[in-house]
Amino acid sequence: MGLPKVVTREEWQAARDELLVLEKAATRARDALNTRRRELPMVEIDKAYVLEGPDGKAELLDLFEGRSQLVVYHFMFAPEWDAGCASCSGFLDQIGHLAHLRARGTAFAAVSRAPFTKILPFKARLGWTLPWYSSHLSDFNQDFGATVQGERDGASGDGGLQERPGLSCFLRTGERIFHTYSAFDRGLDNIGFTSNLLDLTALGRQEAWEKPEGRATSLGAPAGSARVRYHDEYVD
């Protein structure tokens, strides 16, 4: 069935110790990568973006809530869709209490192209309280690479526009705003709590692209992403 080899405890420990060497090397490499990320230059935002939230129209500066940093999650929700992306919903389900970010001077908000009148009931359905804004009145998504021209299975929007899951970071000094970082698609791999936990298990994320080959379907289940639903649609 392509499952792990059955061995003695001693053999397992020896293999685990060998893997630990690689894990520690990966940890050091990740620390070095994070340093390089913090050393990236930044770009000043000199364009006024009109967003819409619970209090009406808002500017990008408002999303900081007076804090020094802002993390924006580009939630895939095109204007003509009836609901937001299921995978993006799974990501937002993993966001913990924002007090831990706010204590470090960092605000968090989701932004989508769908009108706020569509975002509000969907947000209520899934029980989220985190800040969520609509960029329907501006080209914020396009400027930061969250919406691009092209086609993508299951993610295309109006006019051939393509929605991408992503995340962007901003820094504020006074009223000046700077764009410091963005990542999309699998660039978010190490952020999701669920994917990180699954990476520690024998079956992994249960995706067809994972190795060892056949492991994902060895128990007769479809690929992991094919089973993703909104959290109120799962049947135990």
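**View 1. Strands β4 and β5 pair in the parallel sense.** Six bridges join β5 to β4 (residues 69–74). Strands count as paired if DSSP finds at least two bridges between them. Helices (H or I, at least four residues) and strands (E, at least two) are DSSP runs, numbered from the N terminus. His-74 stands opposite Val-111 of β5. This is a predicted model: local features need pLDDT of at least 70, side-chain atom pairs count only at pLDDT 80 or more, and totals for chains, interfaces and linings use all residues. Residues are numbered from 1 along each chain as its sequence is written, and side-chain values use heavy atoms, with hydrogens and water left out.

**View 2. Strand β6 runs parallel to β5.** Three bridges join β5 to β6 (residues 132–134). Trp-132 in β6 is the bridge partner of Ala-110.

**View 3. Strand β5 (residues 106–112) is largely enclosed by the rest of the structure.** The reason is burial: seven of its seven residues are buried. Buried means under 20% relative accessible area, exposed over 50%, and partly exposed in between (1.4 Å probe, protein chains only). Thr-106, Phe-108, Ala-110 and Ser-112 point one way from β5. Ala-107, Ala-109 and Val-111 point the other way. In a regular strand the side chains alternate between the two faces of the sheet.

**View 4. Lys-47 and Asp-143 meet in a salt bridge.** Their side chains lie 2.8 Å apart, N to O. Lys-47 lies in the loop between β1 (43–44) and β2 (51–53) and Asp-143 in helix α5 (residues 140–143), so the pair ties together parts 96 residues apart in sequence. A salt bridge is a side-chain nitrogen of Lys or Arg within 4 Å of a carboxyl oxygen of Asp or Glu. Lys-47 is partly exposed, at 38% relative accessible area. Asp-143 is partly exposed, at 38% relative accessibility. A network of salt bridges links Lys-47, Asp-139 and Asp-143.

**View 5. Glu-65 forms salt bridges with Arg-67 and Arg-102.** The N to O distance is 2.7 Å to Arg-67. For Arg-102 the distance is 3.7 Å. Glu-65 lies in the loop between β3 (56–58) and β4, and Arg-102 in helix α3 (residues 99–102), so this pair ties together parts 37 residues apart in sequence. Glu-65 is partly exposed at 36%, Arg-67 at 22% and Arg-102 at 31%.

**View 6. Mean pLDDT is highest in β6 and lowest in helix α6 (residues 193–198) among the elements of the chain.** pLDDT is the predictor's confidence in each residue, from 0 to 100. The chain averages 88, and 89% of the residues score at least 70.
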